[in-house]
Amino acid sequence: MPVTVLLVDDEQLVRAGLHAILSAQPDIEVVGEAADGAAVLPLVRELRPDVVAMDVRMPLLDGIEATRAVLRAVPSPPKILVVTTFENDEYVYEALRAGADGFLLKRARPTEIVHAVRLVAAGDSLLFPAAVRSLAAAHGNARARATMERAALTTREEEVLRLMARGLSNAEIAGRLVVGTETVKTHVSAVLGKLGARDRTQAVIAAYESGFVAPR
């Protein structure tokens with residue numbers, strides 16, 4: 001089955017460009033478009049896309065609030081890929097904290113755009129560039145540090161979290177630690193549970209905000 005995508009951007013030319021790039025792939029299908037975040041929730045309920053590629057800055061409802069709305073109201077929500085112009089945008093960071101799963105620059109090459117959609121749809125890796133890591137570290141706080149201390153991760157779980165923070169997939173982590181992929185999945189689930197994180201993105205944000213992982 002192809003990965004289904006909903007495109008959300010207030011610039012028609014951006015939507016057209018993304019549509020052309022993604023629709024050219026045999027394993028990706030663009031099922032809808034929207035010009036503002038206010039239209040996202042109804043379209044997600046109607047179309048049930050696997051991925052929402054969404055601009056973070058829009059006039060009526062921005063990508064942050066649209067992300068929160070979808071995650072709050074949809075039982076099995078799609079993956080949300082934030083699409084933006086500036087990589088060090090605080091809006092991007094807030095969207096990731098709100099629950100977005102990845103990050104893509106509008107100036108990215110077509111191959112990078114396709115890769116981002118596939119990666120986010122798979123759900124076992126992260127799009128977390130250096131600029132966003134630095135933003136997360138800059139938002140370090142006592143609450144995040146306390147959460148990390150309470151989690152009491154095992155040594156192996158700490159290793160897995162550090163590799164997650166570097167953007168490695170489950171298969172890549174398995175190769176690095178010389179264990180099976182199912183073992184890695186078990187460790188990832190344990191890390192998420194102990195941190196009270198909804199997904200990998202939230203766990204990695206906690207890792208940076210707590211100072212457990214430092215940006216490179």
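User: Which residues are linked with Asp-9 in a network of salt bridges?
Analyst: Glu-11, Asp-55 and Lys-106 join Asp-9 in that network. A salt bridge here is a side-chain nitrogen of Lys or Arg within 4 Å of a carboxyl oxygen of Asp or Glu. This is a predicted model, where local features need pLDDT of at least 70 and side-chain atom pairs count only at pLDDT 80 or more, while totals for chains, interfaces and linings use all residues. Residues are numbered from 1 along each chain as its sequence is written, and side-chain values use heavy atoms, with hydrogens and water left out.

User: How many salt bridges in the whole structure?
Analyst: The search finds 13.

User: OK, and what's the N to O distance for Lys-106 and Asp-9?
Analyst: That one is 3.1 Å. The two residues are 97 apart, with Lys-106 in the loop between β5 (102-105) and α5 (110-122) and Asp-9 in the loop between β1 (3-8) and α1 (12-23). Helices (H or I, at least four residues) and strands (E, at least two) are DSSP runs, numbered from the N terminus.

User: Is Asp-9 buried or exposed?
Analyst: Buried, at 2% relative accessible area, whereas Lys-106 is partly exposed at 23%. The cut-offs are under 20% for buried, over 50% for exposed and in between for partly exposed (1.4 Å probe, protein chains only).
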